[in-house]
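Subject: Structure for your review

Dear colleague,

Please find the structure below, followed by a short account of what was found in it.

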Amino acid sequence: MRVGIDITKDNKRKLDELFKAFSITAEGMYIYICDMEHDVSRWSKSAVDFFGLPDEYMKNAGGIWADHVHPDDVDKYNESIDSIFTGNNNGHNMQYRARTREGEYVVCTCKGIVIRDSMGKPKYFMGAIKNHGIHSYTDNNTGVRSLYAFFEDLRTIFWNKEEAVIMQIGLTDFSRYNDVFGYSFGNRILQSIARMLGDMFRHTGEIYRLDGTKFAVISKVLKKDEMADIYKSIQKKSATDFMVDNERIAPSFNAGLIVVDQFDISDKTVYSCLKYAYFESKKHKLGDLVIYEDSITDIGRNKLEMIHSVRRDITKSPNGFYLCYQPVVHPVTEKLKGVEALIRWKNDKYGTVPPNSFIPEIEKDNLFPQLGNWILEQAMTDGLKLLEKYPGIMINVNLSYAQLEKSGFVNDVLDIIRKTKFPAENLCLELTERCRLIDGELLKNIMAILRDEGVKFALDDFGTGFSSLSILRELHLDIVKIDREFVKGIVNFARDREMIRNVAELVSCFDADLCVEGVEDIEMRDILRNVNPGSLQGYLYSKPVTIDEFMKLKF
């Protein structure tokens, strides 16, 4: 909210007076003053700049700030704010992690108090936020260097052009230790891990505590193979000889590694690729070390440079990204039933780049939800044009698990629907294979809320890792899209034809339509018609094309 919008001069004057008075007693902290009756607030300019907030004056500042609070802390934060605004609490004193403009999380302590009027009605909520991340180079719990220090040292490496090997290492299922032994024991586990890493990398690497249960090691003397050998030693020690308070535990680790030997990219790009390698270790390699090999080959250098360019362009509105659309048709009449929106990126150096070349690396990046929202808004904007020509069609948009995990995702979707005036009943959100990674209850809640607004849901890539009978049973899906890998052999192999038939029958049991992707020719189409799918999609009807090209197609 900008000054002059939804705030009167009198309200602004009172906020400013209180803010000025309160600032005198809260030096070194971020100040906020909220007019609770009108839900308008003034925040410190330094907080606006550091955390990337919209303005010093904001409407619904509590909700805006909630989007910056770490997902693991946001429920506790929202509960406290709700109790304050419902009059059940006179203030709060709490600690949580908040996301900065750069996408990092810092620990903050927030203290606030409610000021009531003469009738006892809540009038103002005012308080101060202490940012423990500012100049906090040491993690308070483990005593090793902090995430803030990690990025400082990484930037120094780039400034001095020093080659280095960086490893991110973290625990699997850490919550079970907290559940069994309590949080204080969990903190001592992290302290023990920090000491173990310090011993393992004594004189060869610097240890850092990142967010949550993750650590990092930066070494300027070890080679990647030497780092890999030390990681094996860590795994062996944790399995056989890891003690905390005389309790033998066997923590499981995951780790990703990257070699920094080029300096025309950003530290954030390196961190994004490091997290991608760590993620691969955790989800697909059962904790084996994953080395981001791209950093040591000519092809890899181009890849890292490309990811850097992608990240840079996301921050520019985004720049260089555009959508293509592929038709989804009725299997018999071949009339248009819908379109699938597909992201593309074009760059002067790299040309037109398909999503598989950059999405996996940036999907864990804090910037990704920004791109996801742009895709949704652009698809709905283009969708209005398509609906004018083809009334009733469905616009399919792929979701990333990074979007679904982000606090405020549902509100983002609803805000975009309201902004574009796109009919929610013509929007179908496709859950991709990697969406299996988010919490099942969270996913069901998201779907239930959006479904109440009319939004449809499709399961993409059926037959791959995400797909199972339990998913079909637990999620209320409108469409199931079978992966093209299971379709390409139907002309030559009877077993593949029979499999498609069985899948179609299975999907119908759950009141969903089957969409078959990868339809390349008339022979495939004619075979598929015999299994009664709900729709077909593939190059037989059109490759993905821009909105202007699509408007020229005939269906």
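Arg97 is buried (under 20% relative accessible area, with over 50% exposed and partly exposed in between; 1.4 Å probe, protein chains only), at a relative accessible area of 19%. The model is predicted, so local features need pLDDT of at least 70 and side-chain atom pairs count only at pLDDT 80 or more, while totals for chains, interfaces and linings use all residues. Residues are numbered from 1 along each chain as its sequence is written, and side-chain values use heavy atoms, with hydrogens and water left out.

Arg97 forms a salt bridge with Asp73, at 2.9 Å from N to O; the term denotes a side-chain nitrogen of Lys or Arg within 4 Å of a carboxyl oxygen of Asp or Glu. Asp73 lies in the loop between helix H3 (61-66) and helix H4 (74-85) and Arg97 in strand E4 (residues 91-99), so the pair ties together parts 24 residues apart in sequence. Helices (H or I, at least four residues) and strands (E, at least two) are DSSP runs, numbered from the N terminus. Asp73 is likewise buried, at 15%.

By this rule, the count comes to 21 salt bridges. Another joins Glu334 to Arg525, with the closest N and O atoms 2.9 Å apart. Glu334 counts as partly exposed at 23% relative accessibility, whereas Arg525 counts as buried at 14%.

Lys481 is buried at 0% relative accessibility, and Glu517 is buried at 3%.

With kind regards
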